[in-house]
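Work through the exercises below with the structure open beside you. Try each task before reading its solution.

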Amino acid sequence: MEKALQTMIDNMPEKTGKSLEQWKSILSNKAFAKHSEGVNFLKKEHGVTHGFANTIVTLSKEENNTSEDLVSNQYKGKESLFPIYEKILATVKAFGTDVTITPKKTSVSVIRKRQFVLIKPATKTRIDLGLKLPEKPTTDRLGNSGPFGTMCTHRVQITSIDDVDDELIGWMKEAYTKAE
């Protein structure tokens, strides 16, 4: 992933007419409520292709926060959920050396070759854990993806560290296996 991203950044001046730093400067004066608004702005106003526009907007936001900042901001006012997050993270990291943890503004993606788990502090008392388990039937506990839409196929609502039990760990391991 890193190599492909670097190639895109290297090709940006030739393909878009500006370097990443120049694009970041243009976007620094804008305040878009949504990621898609920034992408659409670059496409419509500057004729940038979708792939480059998406990359530019993503990278212009990322510099504002470190991964640690992104995670700590997610748990502000929800500190009681942080031990649950840490237990989930330790569990998925133990699956293999090919697990990548990618914090975003409101969630943390856990990726192998594809995202297989999404961790989102949904309320002050609940983490929503998204799982990518195609064709697996839903149950009372392993619900449909809900607000995650197509990013995940299922969602488990976690309110206690005890909810990170053998059953949940099994589902996360299954999602990891399917993400090769």
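This is a predicted model: local features need pLDDT of at least 70, side-chain atom pairs count only at pLDDT 80 or more; totals for chains, interfaces and linings use all residues.

Residues are numbered from 1 along each chain as its sequence is written, and side-chain values use heavy atoms, leaving out hydrogens and water.

**Exercise 1. Give the strand order of the open sheet and find its edge strands.**

Solution. Start with the terms. Strands (E, at least two residues) and helices (H or I, at least four) are DSSP runs, numbered from the N terminus. Two strands pair if DSSP finds at least two bridges between them. Now read the order: β1-β2-β3-β4-β6-β5, six strands with antiparallel pairing. The edges are β1 (100-103) and β5 (143-144), each pairing on one side only. Ile119 stands opposite Leu129 in β4.

**Exercise 2. Check the length of helix α3, then locate its buried residues.**

Solution. The expected span is 1.5 Å times one less than the number of residues. Next, list the buried residues (under 20% relative accessible area, 1.4 Å probe, protein chains only). In α3 they are Gly38, Val39, Phe41 and Leu42. They cover an arc of only 155 degrees around the axis, so they lie on the same side of α3. The arc is that of the directions from the helix axis to the C-beta atoms.

**Exercise 3. Describe the largest nonpolar core.**

Solution. A nonpolar core is a set of buried Ala, Val, Leu, Ile, Met, Phe, Trp, Tyr and Cys residues joined through side-chain atoms within 4.5 Å. The largest has 29 residues. Phe116, Ile119 and Leu129 are among those with the most contacts inside it. α6, β2, β3, β4, β6 and α7 each supply at least two residues. Apart from this core lies another, of 13 residues, including Val39 and Val57.

**Exercise 4. Where is Glu135, and is it buried or exposed?**

Solution. Glu135 sits in the loop between β4 and β5. Its phi is near 70 degrees, a positive value in a residue other than glycine. Its relative accessible area is 82%. Exposed means over 50%, so Glu135 is exposed.
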